[in-house]
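I opened a new model today and wanted to know how its chain is laid out. My notes follow.

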Amino acid sequence: MEVLDAIFSRKSVGKVKTDPVDQETVEKLLAAAVAAPNHRRTEPWKFFVLSGEGRRPLGRTMAAIAAEEMTDPQSAENEKRLAKIAEKPFRAPLVIAVAVSPVSQPNVFWQEELAAVSAAVENMLLAATGLGLGAIWRTGRAAYHAKMKKLFGLQGEEQIVGFVYVGYPEIPPQAKEKPTFQEKTVWVDHDQPYA
């Protein structure tokens with residue numbers, strides 16, 4: 001697949017089949033991820049590949065975080081809700097948790113490290129499209145919670161950037177209208193203020 005084709009045809013795919021994704025294909029996704037640009041070649045990413053019952057601790061942690069926000073997590077209604085939350089990682093046969101592990105040096109900025117890991121996730125999503133997979137980058141409040149950091153053994157400034165859910169699409173991805181670059185672009189060809 002041509003690069004521009006992958007970029008323009010990539011869609012977030014939340015509904016995927018339960019069929020497993022073979023290790024060779026997963027390794028291609030990870031190889032694409034680490035090909036992302038990163039300032040000073042710090043390689044500030046960490047990947048956790050979760051499949052089978054390896055997704056269970058993620059679900060339990062998501063539910064535990066959600067329970068903290070409930071007045072009565074043991075009510076029948078909330079127990080049902082928490083059980084549903086605990087099953088979220090099972091929406092796809094494979095979840096790749098992606099974390100930023102920033103280098104602590106005076107000439108390395110945290111924002112650049114986060115940008116590099118975000119580029120790695122985008123590479124992974126584009127590779128998934130090229131390989132005929134469906135993928136979606138999921139985040140949310142739970143991703144940044146201290147319990148999530150603990151689950152993945154993250155220290156200091158390390159943080160989860162998101163979870164990439166991967167599988168074979170259940171239905172072909174639906175085309176959606178995307179904003180045009182024109183409404184977000186300022187063209188500057190002579191000495192003038194940019195705003």
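**Entry 1: the order of elements.** I read the protein from the N terminus and got α-α-β-α-α-β-α-β-α-β. That makes six helices and four strands. Helices (H or I, at least four residues) and strands (E, at least two) are DSSP runs, numbered from the N terminus.

**Entry 2: what I am looking at.** This is a predicted model, where local features need pLDDT of at least 70, side-chain atom pairs count only at pLDDT 80 or more, and totals for chains, interfaces and linings use all residues. Residues are numbered from 1 along each chain as its sequence is written, and side-chain values use heavy atoms, with hydrogens and water left out.

**Entry 3: the sheet.** In what order do the four strands lie in the sheet? I found β1-β2-β4-β3, an open sheet with antiparallel pairing. Two strands pair if DSSP finds at least two bridges between them. The edge strands, β1 (45-51) and β3 (134-138), each pair on one side only. On average, neighbouring strands of this sheet are turned by 20° against each other, direction ignored. Axes here are lines fitted to C-alpha atoms, for helices over the stretch in contact, and angles run from 0 to 180 degrees between N-to-C directions.

**Entry 4: partners of β4.** I looked up how β4 is joined to the strands beside it. Strand β2 (residues 94-100) runs antiparallel to β4 (residues 159-167), and seven bridges join them. Valine 98 has glycine 162 of β4 as its bridge partner. Alanine 97 stands opposite phenylalanine 163 in β4. β3 also pairs with β4 in the antiparallel sense, over five bridges. There, alanine 135 stands opposite valine 166 of β4.

**Entry 5: cover.** Is β4 mostly covered or mostly open? It is mostly covered, with eight of its nine residues buried. Buried means under 20% relative accessible area (1.4 Å probe, protein chains only). For the protein, 37% of the 195 residues count as buried.

**Entry 6: the helix across the sheet.** Helix α5 (residues 110-130) lies across β1, β2, β3 and β4. It runs at about 160° to β2.

**Entry 7: the whole chain.** I took the C-alpha trace along its principal axes and noted a span of about 65 × 45 × 35 Å. I then checked contacts (heavy atoms within 4.5 Å). Of those with a separation of 6 or more, 78% join residues 24 or more positions apart.

Key:
Buried means under 20% relative accessible area, exposed over 50%, partly exposed in between (1.4 Å probe, protein chains only).
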